[in-house]
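This report looks at how selected side chains pair and pack in one protein chain. Please keep the sequence and the structure at hand while reading.

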Amino acid sequence: MNALSTFAQSMGIANLAGGGALIVGLIFLTALVFTWRFIPGVRDFAVRVGWADQPNERRLNKEPLPNAGGLAIFAGFVVSVVVAWALRPIFIQNVQIQVLAILLGATILVLTGFIDDQYGLSPLFRLSVQLLTAVLLVVNGLHIDYNSIPLLPNVSERINQPLGVAITILWVVGLTNAMNLLDGVDGVVGGVSFVASMVLLATAAQFPDRGAAVILLAGLGGSALGYLRHNYNPSRIIMGDAGSYLFGYTLAAVSMLGTLKFSAGASLIVPLIVMALPILDTTQVVLGRLARGIRNPLGHPDKTHLHHRLLAATGQARRTALIMWCVALGCGVVGMAAQGVRPVAIAATVIFSAACLWFVAYRRVRAQEREAVRVAEPSPPPPPMG
C-alpha cells in the first residue's frame, strides 16, 4: 500500500484515498463516452443538411465528408466541465472568471470556425475574432509574465506588462492557427491534441495551484479521443476549423491557467515543446509562402505542410498519423523532463497515451473491416413468386 501511495504521489496525487483522482478520471471518461456516442448522430444530421467538405485537389476525401465534428468535440468538452463543476466546484472556484473566459473564447471560435467551414469567412475576419478571444483572456487575468520567462533578461515593470500582453496574444493566436494548419490528414490533429492534453495534464498535476487546468485538460483529452475513434483513417467525419480552433485555443489558454506568478513563464516550457510539431509546421509553411511572394500566407492553402510531405513519403494516411503521434509524444517526453516531471510520471503518461491511441485506432480499423464485409456480402435472393 505504501508503494502504491508513493507512486500516486509521484503522479501528482497527494491523497490516493481522496476523490480528486477519481473525479479527474470520471471527467475524462464523460468527455470520451459522450463524444464517442454523440458523433454518429451529428454525422447523420450533417449529411442530411449538407455540412460537408467537397473533394478537391488538396483534400484526401473522394466524396463529401461531414465537417461538423468540431461541434461534437465542443459538446463533449462542455459536458465534462459541467460535470466537474457539479462534483468538485472547489477545483475551479479560485479561477472561475478565467475558466469562464476560456469557455467563452472557445465558444466564439467554435462558432466562427463552423460558419467558416460552411460558408467561408475572410482571413482578416477570422484573425480579428482570434485577436478578440486572445484579448478576452488577457483582460480576465490570463497572460504571460515576461520577467518570469527563463533565459530572458528582466525589464522594468513599465515594459514588462505590455510586453507580456503582446507575447500572450501572439501565443494564443499563433497556436490556434498552428493547430488549424496541421489539420490535413485523418487522425493527425485529434491524436496530437490528445497527446498534448495528456502531457500538459500530467505536468499540471505536479503543481497544487493547477487543479482547474487538470480538469479542463481531462475533458479536452477525453473529447479528442472520442472524436478520434471516428476520424482515424478512413475517416467518417472531420472536425473542421471549429474543432482545430477549439484545440489550439484551449491548449494555449489552459497552459496559462492557475500558475503562480513565479512559474507563469516557466509553465510555457512544456506546451512550447509538446506543441513543437504544429509550431514548426506553421513556421516553415508561412516562411515558404512568404518566400514565394504570397502576401497573405494564412489565406493560401497548399500541400507544403509536414503531414502532406510525410503522406507523400509513406503513401498511407494511417502511417502518417502514427508517425505524427509518435513525434508529438516524443516532444511531450522532452517537455516533461525539462519541467522536472518525475520519470515514473513520464513513463505512465506515455504508456497511458499510447494505449488509448492504440485502442481507438484498433476499434476504428475493426469497424471499417466489418463495414467492408457487409458491403461485399451478396444480397439474398428474392423470395419465389407464388
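Arg236, Arg364 and Glu371 are linked in a network of salt bridges, a salt bridge being a side-chain nitrogen of Lys or Arg within 4 Å of a carboxyl oxygen of Asp or Glu. The model is a predicted one, in which local features need pLDDT of at least 70 and side-chain atom pairs count only at pLDDT 80 or more, while totals for chains, interfaces and linings use all residues. Residues are numbered from 1 along each chain as its sequence is written, and side-chain values use heavy atoms, with hydrogens and water left out.

**Salt bridges**

Side chains of opposite charge can pair when their charged atoms come close. The count of salt bridges by this rule is four, and the table gives three of them, including the two pairs that Glu371 makes.

| Pair | N to O distance |
|---|---|
| Glu371 and Arg236 | 3.7 Å |
| Arg364 and Glu371 | 3.9 Å |
| Asp116 and Arg126 | 3.5 Å |

The salt bridge between Asp116 and Arg126 joins helix α5 (residues 96-119) to helix α6, the two residues being ten apart. Asp116 is buried at 12% relative accessibility, and Arg126 is buried as well, with a relative accessible area of 15%.

Asp186 sits in the loop between α7 (157-182) and α8 (188-204) and counts as buried because its relative accessible area is 13%. Its side chain makes a polar contact of 3.0 Å with the side chain of Asn233 and also reaches the backbone nitrogen of Ser235 at 3.3 Å; a polar contact is a pair of N or O atoms within 3.5 Å, where within protein one must be able to donate a hydrogen and the other to accept it, and residues adjacent in sequence count only if both atoms are side-chain atoms. Asn233 is joined to Pro234 by a cis peptide bond with omega about 0 degrees, and Pro234 is placed in the loop between α9 (211-231) and α10 (240-254). Most peptide bonds are trans.

Gln130 is found in helix α6 (residues 123-139) and counts as buried because its relative accessibility is 3%. The side chains of Gln130 and Asn177 are joined by a polar contact of 2.6 Å. Leaving out residues up to four places away in sequence, Gln130 touches Leu109, Val173, Thr176, Asn177 and Tyr245, where contact means heavy atoms within 4.5 Å.

**The protein as a whole**

The protein has 15 helices and two strands, and 51% of its 386 residues count as buried. Residues 24 or more positions apart account for 77% of the contacts with a separation of 6 or more.

Technical notes
Helices (H or I, at least four residues) and strands (E, at least two) are DSSP runs, numbered from the N terminus. Buried means under 20% relative accessible area, exposed over 50%, partly exposed in between (1.4 Å probe, protein chains only).
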